[in-house]
Amino acid sequence: MSSVAATTTGTPDLDIIGCEQEPIRIPGSIQPQGALLVLDPVSQVVMQAAIGDRSALADDRGAIGRPIKDVLTPGAAAVVQDLDAKVPPAGSVSLGALRTGATLHHLVAHRSGGMLILELERASETEPRSFDEVYPHVRDFLDDLQHANSIEDVASLAAREVRRITGLDRTMVYQFDEAWNGTVIAEDRNDRLPSYLDLRFPASDIPAQARELYRLNRLRLIADATYTPVPIEPVLNPKTGAPVDLSHSILRSVSPVHLEYMRNMGTMASMSISLLRDGQLWGLISCHNRDATQVGYHIRTACDFIGQVVSMQIAAKESAALAQKRSALQTVQSRLLAQMAAAGNFVTGLLAGTDDLLALTGAAGAAIVSGDTCTLVGETPSEGEVSGIVDWLAQGDRRDIVVSDSLAGDMPGAERIKDQASGLLAISISQLHDSYLLWFRPEVIRTISWGGDPRKRAELDPQGLRLHPRKSFESWQETVRLKSRPWEAAEVEAATALRTAIVDIVLRNAEERAELTERLVSINKELEAFSYSVSHDLRAPFRHIVGYAQLLKKYEGDRLTERGDRYIDTIVESAISAGTLVDDLLSYSQMGRASLRPIRIDMNMLVDEVKRALLGEEEGRTDWTIAKLPSVMGDATMLRLVWQNLLENALKFSRERDEPTIEIGATDDGNQVTYFVRDNGTGFDMAYVGKLFGVFQRLHRVEEFEGTGIGLANVKRIVERHGGQAWAEGTLNGGATFFFALPKEVEVE
Amino acid sequence: MSDLKPILLVEDSPKDLELTLAALEQCQLANTVVVVRDGAEALEYLTSTGAQAGRETGDPAVVLLDLKLPKVDGLEVLERIKSDPNLRHTPVVMLTSSREESDLVRSYSLGVNAFVVKPVGFEQFFEAIRDLGMFWAVLNEPPPRGKGGSGNA
C-alpha cells in the first residue's frame, strides 16, 4: 500500500537482506520526469548530472564539467545567478518556472554534501504557476477544519481536500500504531481504485529507514511506477568522492521492490505527505492514481501545507484529549487522596472509594496487597491467583510500575485468568513488605482486518536473487485473543501519581511510628525515674510507721490496754503489707528492666536452695517429689525468683490438705525445657486462668491466702524475658500445675 | 571502753536517724555512735577538717552511710573514702531505701563493704543493724594503720 520509498518482505530475515539494507538515500538515479544537476557552490560548475529530460538544456554537449549558466538556456541565466546565495542552509527553495521552447520546467534547489543540487522538474501548461492559485482551496479547508471535533474528522477533511486539489483517484490517511503497523482511518476516492478504509497494514510494508526518510522529507511523489531510472553520472562526486545523498530531492528514484509493490496494487502513481507529531512520524496522507500522472509542484506545496496543518491539529486534539482525561483522572485521584489522608492508612483509604479506585485507571477489578493481606475489588482473579501474580512481579526486575495488556504473553500460566486479568497495571508500594496495588482488565477479543495476509508478505524469486513484494491485498481477518484494552498514557500516569502519594503516606506513617517510639522511650524513662523515687520515698514512711509503732509498743506497751495493743499490731501489719506491696511492685518493674545475665544453671541445685530458704531443713508435712531437672542457660537471680514464687504458691495453697504433695519435674523437647510445679492444693477454676498471671490479680480473699498478687506476674515476666512461656492448669479443689518453658539457649539482649 | 572506735552514722532523715539509733541501742554495743547529717559533714569528720578539725572522737570502726544525702550524696562519699589512701580501709556499709540494681552495682564497684536495703519491718531492721554492728564494730579486725596496701607507708 501507500506511496512508499522502499518496501515490504515477509520474514524478518527477508526484511534484513532486503529493504532494511537498501541504500534508499543514495539510489544513484532519479525518476525520468526532469534533470538533476550537482553543482560546486563556488564555481557553479556541474560535477554530476542525471538528465531524464533533455529539453531543459541549451545543447547536446553534456553538462558535466561546464558552468551551469552554459548548460541551461539563456533564459535561465537570471535564475541561476548567485545561486549559492539563494539556497538556504537547510530545506529547499523554489526558483520558479523555466520555459525552454515548448517545454516548461520547475526549478528547485537545495544543499547536500557541500554541493548545490539543482532539480528541473517537467511541468504541465495547465498546472498552477504559483501557490496563490491553489490558495482558495486551502482556505476552504482551513474554514472546514474549524468544525472538526475529532482526529477522525480532521483526517476525513484532509483526505477529501487533498484529493480535490490533486485530482488523484484515492487519498487515505494512515495512522501508525506503537509497533508501526498502519491503519487507514480516513479515505476519499472514486471507483477506479478499491477502498482500504479500516484496513491495517503490517509494519514491514514501510521499513524503518523509509520511515526515517518520511520524517526528514515530508513529501514524496512517484509519477509512473513503470519508469526507467536515470543514473547519476559519475556515480561518485569527483570533489568529495561520495555518492549524492538524495534525501531531500524531489526526483529521487525509489526501490524497484516498491515499484513492483505499486504495480501489484494496481496503482501507477502515488504521493505521500508525512504527518508528524512532536517530531515523530504519526501517519501519512497517502495518495494513489490508477494511471501514471504528475502532480504539479505548487499543488504538492499546498498538500504539504495541508499536511502540516493536519499535523498541528492532531497534536492539538491529542493534547486536548489527554488533558481532558488527565483532569478527569485528577479529580478521581484527589478524592482517593483525601480518603487516604483521612484514613491514615492507605488500604482503608483506597477501600473507602472502590469506584474511584477502579475509575482511576479504567479497570474492571483491583487488588490491594499489603504484606499478608489481600483485598479484592470488582472483577478480579482469586486471592490465590493474585498472590501468584505478586510472586511473579517480585521475581521480575522490581520496577515501580508494570504495565501489560497481554498478561498471558508476559506471565507464564496467565491464560487461566484471561477473563479477569488479560490486562495488568501494577504499582509496587513497598518492596520491603511486598505491597502492591494491582488493576485488572478482562480479555477483549478483537478482529483486525489486514490489507493482505501479513504472514505472506514477500518472496524471493526462484533464483533467490531478488525480492518480490506480496501480490495480494485481499482483506485478511485476524482474531486477537488474550489481550485487554490497552492502558492509556493518562491512566498509567494516574497510577504512577497514586503510587507517589501512597509511598508518601506510608513514609509519613513510618515517621509517625518512629516519633511515637521515641515518645514511648522517654515516657518509659520517666516511669523508671518515678519508680526509683517511689523506692526511696514511699518505702521510708512505711518503715517509719512500723518502726515507731514497734518502739511505742516496746517502751510504752505496759501503759496500753489490750485493745490499744491490738491497734498497734494492726498498724504494724498494715504498714508492713503496704511496704511489701511497694517492694513487690518495684521488683516486678525491675524484672522488666534489669539486664539478663545468662549462665548455665543447675536447676536441681537452684530448686533445693529455694526450698531450703523457704522451709529451712524442716520438710514439714509436705510430700516432695523432685525429678532430675535438665539445665538451661538463664539469669540465676531471676530464675530463683521464679522458683521461689511457684514453690511459695504450692506450699501456700496446699497447706490445708491433710497430706500436701508437691511434685516438680521437667520435659525436654530438644530446643526447650518445660518445667512444672504440681500441688494437690485448692487449685483454681480454669475460667479464671487468664487472670492468673496479671498484676494484682488474685483468685482468693486475702484472709484465706496472703499475698500481693504480683508473684505470678513476675514469673511470667521473667520467663518471657528469657524467650519462654508460662501457663497453668488446675481444677477447683483439685490442685494446680504451673508450667514454664525456657529455651535451652537464651539470646543475650 | 575508750579504745573502742566509734560508729559513724551518716543519716539526714531525723526519723530514720532515731530508728537507727534505737536499733543500735538495742544491740547494746559499747561503741560510741557519732552522727553526722550530710555527706559534706561525713567527709569533714573522716578527714578531721572544717568543723571537725581536732575532733575528740577517733576514726570510725565502720561508717553506716545513707545513700541519699544532701550536699554530697552517699555514693560520692563512698567514692571519696575508697579513693583516699588514709581512709580506704575504713569499712563502709550502705544503708538505703533503694532497691535499685544500679545503685547496688555502683556501690560494689566503688568498693562498698556491705549494702543493706532497709527492711520495712522494724524487727528485721533491728536484726540487720545488730548483725552489722556486731560484725563491723566488734568482730572485724581492721588492718593495722599505715601498713595495709598502699597506705601511707
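Q: What % of the residues of chain B count as buried?
A: Of its 153 residues, 35% count as buried. A residue is buried if 20 or more other C-beta atoms lie within 10 Å of its own, exposed if 12 or fewer, and partly exposed in between, with C-beta atoms placed from the backbone.

Q: What kind of model is this, and how are residues numbered?
A: This is a predicted model, in which local features need pLDDT of at least 70, side-chain atom pairs count only at pLDDT 80 or more, and totals for chains, interfaces and linings use all residues. Residues are numbered from 1 along each chain as its sequence is written, while chains are lettered from A and ligands numbered from 1 in the order in which they are written.

Q: How many helices and strands are there in chain B?
A: Chain B has 5 helices and 5 strands, and along the sequence they follow the pattern β-α-β-α-β-α-β-α-β-α. Both are DSSP runs numbered from the N terminus: helices are H or I with at least four residues, strands E with at least two.

Q: And which residue of chain B does UniProt list as modified?
A: An unreviewed UniProt entry lists Asp66(B) for "modified residue: 4-aspartylphosphate". UniProt positions are in the numbering used here, feature names are shortened, and annotations may be inferred rather than shown by experiment.

Q: Where is Asp66(B) found?
A: Asp66(B) is in strand β3 of chain B, residues 62-66. Asp66(B) counts as buried because 26 C-beta neighbours lie inside 10 Å.

Q: What does Asp66(B) touch?
A: Leaving out residues up to four places away in sequence, Asp66(B) touches Val10(B), Glu11(B), Asp12(B), Gly74(B), Leu95(B) and Thr96(B). Contact here means that the C-beta atoms, placed from the backbone, lie within 7 Å.

Q: Is Glu41(B) buried or exposed?
A: Glu41(B) is buried, with 21 other C-beta atoms within 10 Å. Glu41(B) lies in helix α2 of chain B, residues 39-47. Its C-alpha atom is separated by 8.1 Å from that of Gln52(B), 11 residues apart along the chain.

Q: Chain A now. What is the order of the sheet that holds β18(A)?
A: The order is β15-β14-β18-β17-β16 in an open sheet of 5 strands with antiparallel pairing. β15 (373-378) and β16 (401-404) of chain A stand at the edges with a single partner strand each, so one side of each has no neighbour in the sheet. On average, neighbouring strands of this sheet are turned by 10° against each other, direction ignored.

Q: Which helix packs on the sheet?
A: Helix α12 of chain A (residues 383-395) does, touching β14 (365-370), β15, β16, β17 and β18 of chain A. The direction of α12(A) makes about 115° with that of β15(A).

Q: How many bridges join β17 to β18 in chain A?
A: There are 7 bridges between β17 (residues 423-430) and β18 (residues 435-441) of chain A, and the two strands run antiparallel. Two strands pair if DSSP finds at least two bridges between them. Gly423(A) stands opposite Arg441(A), and Ser430(A) has Ser435(A) as its bridge partner.

Q: What about β14(A) and β18(A), over how many bridges do they pair?
A: β14(A) and β18(A) pair over 5 bridges in the antiparallel sense, and Ile368(A) stands opposite Leu437(A) in β18(A).

Q: How many residues of β18(A) are buried?
A: In β18(A), 7 of its 7 residues are buried. Ser435(A), Leu437(A), Trp439(A) and Arg441(A) are on one side, with Tyr436(A), Leu438(A) and Phe440(A) on the other.

Q: At what angle do α5(A) and α6(A) pack?
A: Helix α5 (residues 131-145) and helix α6 (residues 151-166) of chain A pack at about 165°, with their axes 10 Å apart. Axes are lines fitted to C-alpha atoms, for helices over the stretch in contact, and angles run from 0 to 180 degrees between N-to-C directions. α5(A) and α6(A) are therefore roughly antiparallel; angles under 35 degrees count as roughly parallel, over 145 as roughly antiparallel, 65 to 115 as roughly perpendicular and the rest as oblique.

Q: Which residues meet there?
A: Val134(A), His137(A), Phe141(A), Asp144(A) and Leu145(A) in α5(A) meet Val154(A), Leu157(A), Glu161(A), Arg164(A) and Ile165(A) in α6(A).

Q: Last one: in which order do the strands of the β2(A) sheet come?
A: The order is β3-β2-β6-β5-β4 in chain A, an open sheet of 5 strands with antiparallel pairing. Neighbouring strands of this sheet are turned by 20° against each other on average, direction ignored. β2 (residues 34-39) and β6 (residues 115-123) of chain A pair over 6 bridges, with Leu37(A) opposite Leu118(A).

Notes: Two residues are in contact if their C-beta atoms, placed from the backbone, lie within 7 Å.
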